[in-house]
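Below are some notes for a colleague who has not seen this structure before. Please read them with the sequence and the 3D view open.

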Amino acid sequence: MGKSIVILGSQWGDEGKGKMVDLLTEKAQAVVRFQGGHNAGHTLVINGQKTVLHLIPSGILHEGVQCFIGQGVVVSPKALLEEINSLAKQGVEAAQRLKISPAATLVLPYHVALDKANEARKGRQAIGTTGRGIGPAYEDKVARRSLRVCDLIDLNTFKERCEHILQYHNAVLKHYYEAEPVTLNMVLEDIMPARETLLSMMSDIRVDLQTLRQNGANIIFEGAQGALLDIDHGTYPYVTSSNTTAGGVATGSGFGPLYLDEVVGVTKAYCTRVGGGPFPTELLDEVGQFLGKKGQEFGATTGRARRCGWFDVCVMRRSVEVNSLSSLAITKLDVLDELDELKICTHYKLKGDKISHPPVTHEEYSACEPVYEVMPGWKSSTLGITQEADLPENARRYLARLEALVGVPIALISTGAEREHTIELKKILNEGANTKVA
Ligand code: IMP
């Protein structure tokens with residue numbers, strides 16, 4: 001029997017999910033994206049070669065692995081085609097191994113225009129979105145006016161519906177945002193080069209995934225962003241517009257929750273966040289700058305500098321409970337190598353009370369002060385270590401303390417960017433049946 005596992009970010013994104021998915025894909029037959037869009041940026045380093053994927057599941061770099069994009073994902077035809085073409089230059093024939101749900105919402109130029117205009121208008125209150133149109137595309141989906149992948153079949157109807165949608169959005173762009181309108185031609189320029197490819201990849205992935213499961217395949221569900229960016233459970237309104245947590249797997253791919261065997265929470269050995277919003281353990285001093293530099297904390301999608309801070313157990317408590325995390329994958333341990341001491345935030349103080357979980361409003365969250373435990377650093381290199389026994393004593397103590405506070409066993413520890421730079425404490429996947437869907 002194969003296993004179906006979820007790998008997702010348990011903080012604010014950028015935890016290093018791409019590497020973990022890529023690593024576990026060695027034993028998997030299928031990898032599935034179930035939410036988000038090309039706002040994600042999964043960086044993979046294989047044999048020294050760096051690949052950044054935004055929309056296509058990280059499993060694509062493994063020959064023979066089938067990749068799926070579920071209806072919970074918002075798909076930019078232009079971004080998808082660019083990614084397929086850039087993979088082709090590396091000799092990876094993505095289109096042949098990728099299937100897309102016909103029900104996935106399209107991200108079109110008017111979504112990008114609305115995202116940018118909205119952020120510009122908000123000024124200092126801006127969310128700090130990636131500017132890729134993700135939020136407006138999800139708004140259209142919920143408002144039941146989306147154009148979806150299946151709408152690319154009949155171009156005449158597509159154009160007709162698009163004209164109607166443009167009337168609505170252009171009124172908002174022109175009169176509310178005082179921004180440039182978007183034309184039907186601009187939309188067609190976006191979709192036409194990608195249309196045939198998209199149509200050739202269309203498939204009812206709910207059926208495909210069931211077939212794979214029944215045939216004994218190992219299936220990985222690859223999360224994008226992180227738990228605290230979830231539209232329902234994150235630091236609203238400073239969140240993305242999808243369900244980044246484990247519940248999103250069922251809705252975003254049509255794979256029922258009881259079919260899942262394991263939920264792996266990927267977490268940095270410290271914490272980062274891009275964009276606006278509360279971040280109690282943020283370090284605005286030279287330690288924060290050090291983490292940013294050593295950890296190369298720049299957004300894979302936007303190039304923005306990430307905010308850096310200490311490991312936050314309150315964030316992890318929320319993440320463990322909301323996702324039902326069954327194991328942890330700790331990344332970027334080596335970034336901490338040179339520090340004299342390390343802090344772990346165990347609780348927050350809010351108006352004199354000690355609290356264990358993030359509060360609901362961003363005003364209250366911004367008023368939280370971190371309560372820290374302090375541990376000594378290890379002051380030696382952990383880069384590339386592959387055996388737990390080879391870790392310095394203080395690094396092992398630090399990890400054991402994180403594990404005890406979070407209450408979930410650590411299965412994997414990443415000690416560098418390469419696939420091989422990993423300590424495996426628990427086997428998550430055994431060989432799955434080598435099966436494929438047509
Ligand atoms: P959006 O997803 O572009 O609407 O951006 C909403 C918020 O999510 C912003 O704070 C972004 O910085 C953040 N965000 C979106 N995608 C990622 C990601 O892949 N990693 C980290 N943060 C992200």
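**Notes on the sheet and the ligand site**

1. Strand β2 (residues 30-33) and strand β5 (residues 66-69) run parallel and are joined by four bridges. In this pairing, A30 stands opposite Q66 in β5. Please keep in mind that the model is predicted.

2. The two strands belong to an open sheet of nine strands, in the order β7-β5-β2-β9-β1-β10-β14-β18-β19. Its pairing is mixed. The edges are formed by β7 (98-100) and β19 (422-424), each of which pairs on one side only. On average, neighbouring strands of this sheet are turned by 20 degrees against each other, with direction ignored.

3. Now to the ligand. Around the ligand there are 16 residues, of which D14, N39, T130, T240 and R304 come nearest. Sorted by class, this shell has six nonpolar, eight polar and two charged residues.

4. Several polar atoms can be checked in the 3D view. A polar side-chain atom of T240 is 2.6 Å from an oxygen atom of the ligand. For Q225, a polar side-chain atom lies 3.2 Å from a ligand nitrogen atom. G128 takes part through its backbone: an N or O atom there lies 3.3 Å from an oxygen atom of the ligand.

5. How much of the ligand's accessible area does the protein cover? On its own the ligand has 470 Å² of accessible area, and the protein covers 96% of that.

Technical notes: Residues are numbered from 1 along each chain as its sequence is written. This is a predicted model: local features need pLDDT of at least 70, side-chain atom pairs count only at pLDDT 80 or more; totals for chains, interfaces and linings use all residues. Side-chain values use heavy atoms; hydrogens and water are left out. A residue is near a molecule or strand if one of its heavy atoms lies within 4 Å of it. A polar contact is a pair of N or O atoms within 3.5 Å; within protein, one must be able to donate a hydrogen and the other to accept it, and residues adjacent in sequence count only if both atoms are side-chain atoms. Accessible areas come from the Shrake-Rupley method with a 1.4 Å probe; for residues, only the protein chains shown count as cover. Ala, Val, Leu, Ile, Met, Phe, Trp, Tyr, Cys and Pro count as nonpolar, Asp, Glu, Lys and Arg as charged, and the others, Gly among them, as polar. Two strands pair if DSSP finds at least two bridges between them. Axes are lines fitted to C-alpha atoms, for helices over the stretch in contact, and angles run from 0 to 180 degrees between N-to-C directions.
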